[in-house]
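Thanks, everyone. I have one structure to walk through today. Have a look at it first, and then we'll go region by region.

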Amino acid sequence: MKQILVAVALVMVGLVPGVSQAANFFSDDFDTETLELNHGTPPQTNFLQWTVVDGTVDLIGDPGFFDLIPSHGRYVDLDGTTPNDAGIMRSDALSLLAGTTYTLTFDLAGSQRGDTNSMSNYGIDTDGDNIADISGATLTRFDLDPFSTETLSFTTGGAIPTARIVFGQVGGDNIGMLLDNVKLNPIPEPASLILLGAGLAGLGIWRRKAAKV
C-alpha cells in the first residue's frame, strides 16, 4: 500500500501541469561564471546560460574582482567596460507552457560607484528581437542601493517554445546596475496543488494507520 501511494504522488508531480516545472525551471546566481570584464566580446568568454547580444557586461565579485557588495558571490555589472555601450544579455531559449502563470525574480542593486541608472528592457523576449515583450515598469537604482528583489508575474496565452529572459540597461558610462539571482518558475495551479495534496494526505493517513498496528 505504501508503495502504491508513493507512486501516485510521484505521478501527480510528474504529470500535473505546472508542478513538475516548479523546482528550478531556470535559476542562475552567476557564481560558477568566469570573472571577467567585457563578457561576450571576443576573445572574452560568454556565459553558461546567457548570450551578450549587444554592448558589454562585466562579471564581477568574489573573490576580490571589483567586489562592490561583498558576501553576494558573483554578479553582473550591466554596463561593461567598453565605452558608451551598455549591455543587453539574454538567456538560452526556454519553452513556456500555454495558460501557465510564471514568476521572474531577480536581485538588482545600484552601481555603488556614484551613478544612478535605469532599466526598461527586462523581462521575457518572445520573438527573438532581444526586446522584452513581457515586461514591467522602468526600474531605477541609485548609487548605494543594496540588492533588492524584483518580481514580474505573467500568464502565457499560447505556448512560447523559444522564450528568453532579457536584461538591457539604459546608458553607457561603464558604471551599471548590478544583477544577481535570476529565477523563472511556473506557479502551480490550484487544481494541481489539490491533487498533489491529496496524494500526500493519503500517504500520511497510511503512515498513521501503520503506526497503530
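Let me start with a question: which residues does Asn181 touch, not counting those up to four places away in sequence? Asp28, Asp29, Phe30, Thr105, Phe106 and Asp107. Keep in mind that this is a predicted model.

Asn181 belongs to strand β14, which covers residues 178–186. One of its contacts is polar: the side chains of Asn181 and Asp107 come together at 2.8 Å. Now look toward the start of the chain. Ser27 lies 154 residues from Asn181 in sequence, yet their C-alpha atoms are 7.1 Å apart. Asn181 counts as partly exposed, because its relative accessibility is 26%.

Now the overview. The chain has 213 residues, and 43% of them count as buried. There are 2 helices and 14 strands. Take the contacts with a separation of 6 or more: 73% of those are between residues 24 or more positions apart. The chain exposes about 10300 Å², with carbon and sulfur atoms supplying 59% of that.

How far can we trust it? Mean pLDDT is 84, and 77% of the residues reach 70 or more. Where pLDDT is low, the predicted coordinates should not be read in detail.

On to the interior. In soluble globular proteins, nonpolar side chains tend to be buried together. Here, the largest nonpolar core has 31 residues. Which of them have the most contacts inside it? Met89 and Phe167. β3, β4, β7, β8, β10, β12, β13 and β14 each supply at least two residues. There is also a second, separate core of 6 residues, including Ile60, Tyr75, Ala109 and Leu178.

Stay with Phe167 for a moment. Leaving out sequence neighbours up to four places away, its contacts include Trp50, Leu78, Met89, Met119 and Tyr122. Leu179 and Val182 are also among them.

Next, charges. How many salt bridges does a search of the whole structure find? The answer is 2.

One joins Asp77 and Arg113, at 3.0 Å from N to O. This pair links distant parts of the chain, 36 residues apart. Asp77 sits in strand β5, and Arg113 is in the loop between β8 and β9. Asp77 is buried, because its relative accessible area is 1%. Arg113 is partly exposed, at 31%.

The other pairs Glu150 with Arg141, and the closest N and O atoms are 2.6 Å apart. Here Arg141 is buried, with a relative accessible area of 6%. Glu150 is partly exposed, at 21%.

Now a buried histidine. His39 is in strand β2, residues 36–39. Its relative accessible area is 0%, so His39 counts as buried. What does its side chain reach at 2.8 Å? The backbone oxygen of Thr34.

Last, the backbone. Most residues other than glycine have a negative phi, and most peptide bonds are trans. This model has some exceptions to show you.

Take the peptide bonds. Pro42 and Pro43 are joined by a cis bond, with omega about 10°. Pro43 is in the loop between β2 and β3. Asp62 and Pro63 are also joined by a cis bond, and omega there is about 5°. Pro63 lies in the loop between β4 and β5.

Then phi. Phe66 is not a glycine, yet its phi is positive, about 50°. Phe66 is found in the loop between β4 and β5, and is partly exposed, with a relative accessible area of 48%. Asn130 has a positive phi too, near 65°. Asn130 is in the loop between β10 and β11. Is Asn130 buried or exposed? Buried, because its relative accessibility is 19% and the cut-off for buried is under 20%.

That's the tour. Over to you for discussion.

Terms used:
Residues numbered from 1 in each chain as written. Predicted model: local features only at pLDDT ≥ 70, side-chain atom pairs only at ≥ 80, totals over all residues. Heavy atoms only, no water. Helix = DSSP H or I, 4+ residues; strand = E, 2+ residues; numbered from the N terminus. Buried < 20%, exposed > 50% of the residue type's maximum accessible area, 1.4 Å probe, protein only. Contact = heavy atoms within 4.5 Å. Polar contact = N/O pair within 3.5 Å; in protein donor to acceptor, adjacent residues only side chain to side chain. Core = buried A, V, L, I, M, F, W, Y, C linked by side-chain atoms within 4.5 Å. Salt bridge = Lys/Arg side-chain N within 4 Å of Asp/Glu carboxyl O. pLDDT = per-residue confidence, 0-100. Areas by Shrake-Rupley, 256 points an atom, 1.4 Å probe, with all protein chains shown as cover.
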